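The points are grouped by topic for reading alongside the structure.

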Amino acid sequence: MTAFELQHVCRTVPGDEGPQSLLDDVTTHFEKGLLHALVGPSGGGKTSLLRLLNRLDAPDAGTVSYAGLDLGCWEPRRLRRKVAFVPQQPHIFPGTARDNLLFGLRFHPDIAPIDNQRLSELCASSQFPPDLLSKPAEKLSIGQQQRLALARALCLDPEVLLLDEPGSALDRPTAEALGRSLRHLCRRAMTIVLVSHDLEWVRNHADRVLFMEAGKLKLQCPVASFFSYGAESRVGRFIAGQKEGPES
Ligand SMILES: Nc1ncnc2c1ncn2[C@@H]1O[C@H](COP(=O)(O)OP(=O)(O)OP(=O)(O)O)[C@@H](O)[C@H]1O
Ligand SMILES: [Mg+2]
């Protein structure tokens, strides 16, 4: 079942040297219950694409729809209840980690209060250490703040998670544990679209890979196909380059 459908999506912004194309004729779809990884060189348009899916930005040509309805028809708050975006540098509010985790609930009185069992589940799903819940959130590391923001997003029980480089500040064992948690969420019908520069992580945890470069979606395929491209192809060269160190 299709969650998001994008048809010929373009987004252009004014630049110093004339209009700059951030997204150029992107057509794709994201399937319910799958983990989709957006990969590609820096500046390729990955974050720009995630932002469109949450209506933080709008396309200037083409269409984006969620659950069969054009995003322009979705009331933004209703959409964001179903589609949660966790940016690479999440906003952290004054107060404890627990205050931050529960912050969004005040806008949704229909959501049942979070009891201790649900709090433990949220910490487990986001790999946020429960012993840090009483710590001032501003004192947490970037990696801890990212996982706290993920727990905060999961509080609202969204249908889709949009994650911008969720493992970028994590050591390998923690990033792998997060990958297993995200896969578990997908098995419970969550749709995930995330950006990653860590191709080993993508290989271990993604279902589908979308390769973006210079605003264009150059390739979309199952994860195994992505990693079977030969060294002479553009994808193969990208994979080899990432092993030597991320491109900039
Ligand atoms: N609001 C904006 N105004 C002007 N240029 C922008 C804007 N947002 C993004 N860009 C430019 O669009 C291009 C794509 O940016 P984007 O953040 O989507 O790349 P990315 O693939 O996420 O890169 P990275 O892997 O480094 O995070 C970049 O050249 C960026 O400088
Ligand atoms: Mg980005």
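The largest cavity has a volume of about 70 Å³. The structure is a predicted model, and it holds one cavity of 30 Å³ or more. A UniProt record, an unreviewed entry, places the feature "domain: ABC transporter" at residues 4-239. Over residues 4-239 the chain is 33% helix and 28% strand, with the end C-alpha atoms 27 Å apart.

**The cavity**

- The residues that line the largest cavity are Val86, Pro87, Gln146, Arg147, Leu150, Leu163, Asp164, Pro166 and Leu178.
- Sorted by class, this lining has six nonpolar residues, one polar residue and two charged residues.
- Two elements, α5 (142-155) and β7 (160-164), each supply at least two residues of the lining of the largest cavity.
- The largest share of that lining comes from α5, with three residues.

**The largest pocket**

- The largest pocket has a volume of about 650 Å³.
- Its lining is given in part by α2 (76-82), β6 (83-86) and α5, the elements that give two or more residues to it.
- Of these contributions, the one from β6 is the most, at four residues.
- In total, 22 residues line the largest pocket, and Asn54, Arg80, Phe85, Arg152 and Leu156 lie nearest its centre.
- The lining of the largest pocket has 14 nonpolar, four polar and four charged residues.

**The second largest pocket**

- About 370 Å³ of space lies in the second largest pocket.
- Both β1 and α4 (116-126) give two or more residues to the lining of the second largest pocket.
- The largest share of this lining, four residues, comes from α4.
- The lining of the second largest pocket consists of 20 residues, of which Pro158, Glu159, Arg188, Ala189 and Met190 lie nearest the centre.
- By class, the lining of the second largest pocket divides into 11 nonpolar, three polar and six charged residues.

**The four-stranded sheet**

- Four strands form an open sheet in the order β2-β1-β4-β5, and their pairing is antiparallel.
- The edge strands of this sheet are β2 (18-31) and β5 (69-70), each of which pairs on one side only.
- Strand β1 (residues 2-15) pairs with β2 in the antiparallel sense over 10 bridges.
- Pro14 stands opposite Pro19, a residue of β2.
- Helix α1 (residues 46-53) lies across β1, β2 and β4 (61-66), and runs at about 65° to β2.

**The six-stranded sheet**

- A further open sheet has six strands in the order β6-β7-β8-β3-β9-β10, with mixed pairing.
- The edges of this sheet are β6 and β10 (216-222), each with a single partner strand, so one side of each is left without a neighbour in the sheet.
- On average, neighbouring strands of this sheet are turned by 15° against each other, direction ignored.
- Strand β3 (residues 35-39) runs parallel to strand β8 (residues 191-195), and four bridges join the two.
- Leu35 stands opposite Ile192, which belongs to β8.
- Helix α1 packs on the six-stranded sheet and touches β3, β6, β7, β8 and β9 (208-213).
- The direction of α1 makes about 150° with that of β7.
- Helix α9 (residues 234-244) lies across β3, β9 and β10, running at about 95° to β9.

**Packing of α4 and α6**

- Helix α6 (residues 172-187) packs with α4 at an angle of about 115°, and the axes of the two helices are 7 Å apart.
- Ala124, Ser125 and Ser126 of α4 make the contact with Leu178, Ser181 and Leu185 of α6.
- The residues of this contact divide into three nonpolar, three polar and no charged.

- Helix α5 gives residues to the lining of the largest cavity and to that of the largest pocket.

Note on methods:
Residues are numbered from 1 along each chain as its sequence is written. Chains are lettered from A and ligands numbered from 1 in the order in which they are written. This is a predicted model: local features need pLDDT of at least 70, side-chain atom pairs count only at pLDDT 80 or more; totals for chains, interfaces and linings use all residues. Side-chain values use heavy atoms; hydrogens and water are left out. Two strands pair if DSSP finds at least two bridges between them. Contact means heavy atoms within 4.5 Å. Axes are lines fitted to C-alpha atoms, for helices over the stretch in contact, and angles run from 0 to 180 degrees between N-to-C directions. UniProt positions are given in the numbering used here, feature names are shortened, and annotations may be inferred rather than shown by experiment. On a 1 Å grid over the protein atoms alone, a cavity is a set of points where a 1.4 Å probe fits but cannot get out, and a pocket is an open set with protein on both sides within 12 Å along at least five of seven lines; lining residues have an atom within 4 Å of a point. Grid points are joined across faces, edges and corners, and a volume is the space filled by probe spheres set on the points. Ala, Val, Leu, Ile, Met, Phe, Trp, Tyr, Cys and Pro count as nonpolar, Asp, Glu, Lys and Arg as charged, and the others, Gly among them, as polar.
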